Amino acid sequence: MNLKKTISRRSLLTQAAPAFATGLAAISSARFALAQEPSTQKSEAALNEKIWSGEYWAKKGDLALYIFRKRLGAPKGGETAKPILFLAHGSSVSARPSFDLAVPGHADYSLMDELAEYGFDVWTMDFEGYGRSGVGPGNSDIASGVEDLKAASEVIVRETRQARFHLYGESSGALRAGAFAMAMPERVDRLVLGSFTWTGQGSPTLSKRSENLEFYRTHNRRPRDRDMIRSIFTRDKPGTSDPAVAEAMADAELKFGDTVPTGTYLDMTTRLPIVDPSKLRSPVLIVRGEYDGIATEEDLLNFFRKLPVQDREFVILPGASHSIALGLNRQQFWHVMQSFLNMPERKDVREMGSYQR
C-alpha cells in the first residue's frame, strides 16, 4: 500500500517553486496540498462485490432528466448508508461519456467505477438538452442547471433517505455545482470544484470562445463534432491524455447528436463571476490542472482567499490540463478527491482534556 504524503503549509512555502510561492504565501489559515503518489486503498467490499448500476428520471416541469447511479452492490433495506457523491458534467459532453467512459484496451477510465470502489454511492445526470435528457425551449444555462440539480436532489433523497450529499462539478458543471451550493446549502456536504473558473480574467480559452459571442446570443444550440471533442484534450497541452480517450468519448457522445446547448458558453463569456465564494458554507476543494486554460491560478487563488470556511483545499495536479478526470495522471485526481471527501471530522479541545466532535 502506498502511503499518503502530507505537506505542511510551512514546508510547502519553503519548498514550492517560486511560481507557486508568491501566490500561496498570501494565503493564511488554509490547508494546501500538492498531488502525491495516489493511494490504492479501496474498501474491502470492492474486492468482493460487483458494481451495481441503476437509471432514474427526474422531472423539471414537463421535462424529463436522465439520472444514472453506480455503487457496490444493489441497494437493500437495513444496510449501512454509503456516502453519496453527485457528479455534474461540463458544457460539451453529457454525463456518462464524461464520468463512466469505456476506453478500449483500458479498464480504469470510469470515474464512477473508481469512486464506487472507494465506497461511494455515485450519481450523475444529463442536464437539460444533453444526452438522454429532454430538450427544452431554453439554452440550458447555469441557472437552468441549478434547477436540474434541485430536481435530481429530490430523487436522491427519495431513493436513499439521505438529505445531504457530496457534490463534484467539472468546468461549467463546477459553476452549476457552486451555484447550487449557494442556493441549497442544506443539501451539500463537501463541494469539489474541478476545472473551475471564477471571473475568467486572463483565460485564453474564454478569450477564444468570446469570438463567437453573437452566435451564442442568437442560438440555443451550437455544433459539436468529433474534432471539437478531440480539442477538449489538446487545446491546453497536447500529450496530457491518451488520444484513444477522445475517440472513445466521441463514439459515446455523438450518438446523441452533433449539437449541444449554448447556455453555459454564453454565461462563461458574459456573466462571470457566477459563484460568490463568500456565500459557500460547505467545505471546498478546488482542483486545477497545471496546464488548464479555462482559469488562471491567480483567478482561482483569489476565489480561494474569499471562502469563509476553514475546511478548504487548493490542489494543483501536475501534468494535467482541463480534463483532469480523463488525463494520463487521473489517478492523482482520484487520490486527492477521495482524500478530501473522507476527511475526518474536526475535533476541538475543551476543558478536562476531552475532545468535542
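This is a predicted model: local features need pLDDT of at least 70, side-chain atom pairs count only at pLDDT 80 or more; totals for chains, interfaces and linings use all residues.
Student: Let me step back to the whole chain. How many helices and strands does the chain have?

Tutor: There are 14 helices and 13 strands. The chain has 357 residues, and 53% of them count as buried. Now look at contacts with a separation of 6 or more: 76% of them come from residues 24 or more positions apart.

Student: Take two helices next. How do I describe a packed pair?

Tutor: Two numbers describe two packed helices: the angle between the axes and the distance between the axes. Here, take α10 (residues 226-234) and α11 (residues 243-253). Their axes come within 9 Å and cross at roughly 140°. That angle makes α10 oblique to α11. The cut-off matters here, because roughly antiparallel means over 145 degrees.

Student: What is the hand of the crossing where α10 passes α11? Which residues make the contact?

Tutor: The crossing is right-handed. On the α10 side, the contact uses Arg-226, Ile-229, Arg-230 and Phe-233. From α11 come Val-245, Ala-246, Glu-247, Met-249, Ala-250, Asp-251 and Glu-253. By type, the residues of this contact are six nonpolar and five charged, with no polar ones.

Student: Now a charged residue in a loop. Is Glu-128 buried or exposed?

Tutor: Relative accessible area decides. For Glu-128 the value is 9%, so Glu-128 is buried. Glu-128 lies in the loop that runs between β5 (121-125) and α6 (142-160).

Student: What lies 3.5 Å from a polar atom of the Glu-128 side chain? Which residues does Glu-128 touch?

Tutor: The backbone nitrogen of Gly-136 lies at that distance. Leaving out residues up to four places away in sequence, Glu-128 touches a list that includes Lys-60, Leu-63, Leu-65, Asp-148 and Pro-261. Gly-136 and Ser-140 are also among the residues touched.

Student: How should I read phi and omega?

Tutor: Most residues other than glycine have a negative phi, and most peptide bonds are trans. Check Ser-140: its phi is positive, about 55°, and Ser-140 is not a glycine. Ser-140 lies in the loop between β5 and α6. With a relative accessible area of 2%, Ser-140 is buried.

Student: What is the phi of Arg-161? Is Arg-161 buried or exposed?

Tutor: Arg-161 also has a positive phi, about 65°, without being a glycine. It is found in the loop between α6 and β6 (165-170). Arg-161 has a relative accessible area of 76%, so Arg-161 is exposed.

Student: Where is there a cis peptide bond?

Tutor: Look from Leu-272 to Pro-273: that bond is cis, with omega near 0°. Pro-273 is in the loop between α12 (263-270) and β10 (284-289).

Student: One last residue. Where is Gly-54, and what does Gly-54 touch?

Tutor: Gly-54 is in strand β2, residues 51-60. Its relative accessible area is 10%, so Gly-54 is buried. Beyond residues up to four places away in sequence, Gly-54 touches Ile-67, Phe-68 and Arg-69. Gly-54 and Arg-69 are 15 residues apart along the chain, yet 5.2 Å separates their C-alpha atoms.

Technical notes:
Residues are numbered from 1 along each chain as its sequence is written. Side-chain values use heavy atoms; hydrogens and water are left out. Axes are lines fitted to C-alpha atoms, for helices over the stretch in contact, and angles run from 0 to 180 degrees between N-to-C directions. Helices (H or I, at least four residues) and strands (E, at least two) are DSSP runs, numbered from the N terminus. Angles under 35 degrees count as roughly parallel, over 145 as roughly antiparallel, 65 to 115 as roughly perpendicular and the rest as oblique. A crossing is left-handed if the near helix is turned anticlockwise from the far one by less than a right angle, and right-handed if clockwise. Contact means heavy atoms within 4.5 Å. Ala, Val, Leu, Ile, Met, Phe, Trp, Tyr, Cys and Pro count as nonpolar, Asp, Glu, Lys and Arg as charged, and the others, Gly among them, as polar. Buried means under 20% relative accessible area, exposed over 50%, partly exposed in between (1.4 Å probe, protein chains only). A polar contact is a pair of N or O atoms within 3.5 Å; within protein, one must be able to donate a hydrogen and the other to accept it, and residues adjacent in sequence count only if both atoms are side-chain atoms.
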